[in-house]
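Here's a quick briefing to read alongside the structure. Have the sequence and the 3D view open, and find each spot as it comes up.

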Amino acid sequence: MNADTLDRLSEIDQADVVRCARVLLRRPLLRTGGPESDLLPLIYRHRATLAELFAGVLGYRLVVERRFARLYKSGPGNDPTRGEPSLTPRGYAYLALCLASLTGIGQQTLLSRLVTDIRSAANQAGIEVSDDLGELRAIASALRHLVSLGVLSETEGTVTGDEEALLTIDTTLLGQLVAGPLGVATTPSELVTLAARPGPRGVEHALRRRLVENPLTHYADLPDEEAAWLRRRARQESRLIERCFGLVTEVRLEGIAVTDPEDYLTDVPFPGQSTVARVALLALPELLRAGEARDGWVAVTVDAVTAVCDELVDAYPAAWSKLMVASLPKLTDDVLRLLLSLGLARPADGGWLLSPAAHRWLPEPDGAPRQAEEPKLEPEPGWSLFDHEKELP
């Protein structure tokens, strides 16, 4: 399918299909009772067109039933900037163990039994487990994530409560959750690789996925064949992505930047209002001026980034959250991680390289800034999986 297929629809249906496609890109598992579930009837109505759109443009498979829609997107591969913020690496391990345990339980289970099964699965996999607070929190994070997806429902009690809980398992959603080829992969690393492989049309699907899922695509990061293909078709692909998903592209000498005018599909807004985002924005011009140019990229050291952040904190003391600037090394790390997630920086040779695209931002502070608001820290939920509530702070 291409944009010509959309042209055969009425203007209202075109707008509805694009709206549904955008929601599915943001929420690949859409379910009754979940966020934006009111759109499920519209997705069901346009399911054939949407399935054709995703299969043709991105090589994604779409499954739609009346009470859920599942878009099987490609995995991120070895990309440290992507992942569920609430899950640590240990939390991800427990999520996988929980999924393995749930497949043989049935439709309901007690929380205590599920935790016992998770521990048993960990032992079978050769994973050491303990009763310390970090382990309990990792298990709780995995369970909360499954509750948020609708795979688990808290029928009585909660997964983070102080008492026993009865959980109901949506076996249909459970079966739709894993996108990677479990039956093919023989090792975890192979599963990650296979889940991130290109679609049926190879280069075409791989690059479109990259454009849709990433704010920046640098020609220098692509194999020669892919870079040549994208250079030839940059304008055409830009029009297709805008037509199908409402995204706006900016074709540059070094690559293609993609933005969402509505910020709906924007994972990390930039420029942003947080202390880290504003420090990063103001730090870029000085870092670009002082760094060493390397084929369009600018090399900077961590010490240089720290020095610029320190100057900004001292120059505008009323502008920042005191909590966020209390530790200069942490602020520096947060700034670099933000730029990494945006594709504007990457680690290299013990330092960092700033993307040529960083030159598009040349901000200047305008007058005396007002006092930044302190971020509100959410309290830890009270919970106990093994009656260890005394260990909680």
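**Around Glu-204**

Let's start with Glu-204, which sits in helix H10, residues 203-213. Keep in mind that this is a predicted model.

*Partners of Glu-204*

- The side chain of Glu-204 makes a polar contact of 3.2 Å with the side chain of Arg-201.
- Glu-204 also has a polar contact of 2.7 Å, side chain to side chain, with Arg-208.
- If you skip neighbours within four places in sequence, Glu-204 is in contact with Gly-56 and Trp-229.

*Helices H4 and H11*

- Helix H4 (residues 47-57) packs with helix H11 (residues 224-245) at an angle of about 155°, and their axes are 12 Å apart.
- Angles over 145 degrees count as roughly antiparallel, so that's how H4 and H11 are described.
- From H4, the contact is made by Leu-53, Phe-54 and Val-57, while H11 brings in Leu-240, Cys-244 and Phe-245.
- Sort the residues of that contact and you get 6 nonpolar, no polar and no charged.
- The crossing of H4 and H11 is left-handed.

*The sheet*

- Three strands form an open sheet in the order S4-S6-S5, with antiparallel pairing.
- Strands S4 (108-110) and S5 (152-156) are the edge strands, so each pairs on one side only.
- From one strand to the next, the twist averages 35°.
- S4 is joined to strand S6 (residues 166-169) by 3 bridges, and the two run antiparallel.
- Leu-110 stands opposite Leu-166 in S6.

Notes
Residues numbered from 1 in each chain as written. Predicted model: local features only at pLDDT ≥ 70, side-chain atom pairs only at ≥ 80, totals over all residues. Heavy atoms only, no water. Pairing = 2+ DSSP bridges. Helix = DSSP H or I, 4+ residues; strand = E, 2+ residues; numbered from the N terminus. Axes fitted to C-alpha atoms, helices over the stretch in contact; angles between N-to-C directions. Polar contact = N/O pair within 3.5 Å; in protein donor to acceptor, adjacent residues only side chain to side chain. Contact = heavy atoms within 4.5 Å. Parallel < 35°, antiparallel > 145°, perpendicular 65-115°, else oblique. Left-handed = near helix turned anticlockwise from the far one by under 90°. Nonpolar A, V, L, I, M, F, W, Y, C, P; charged D, E, K, R; others polar.
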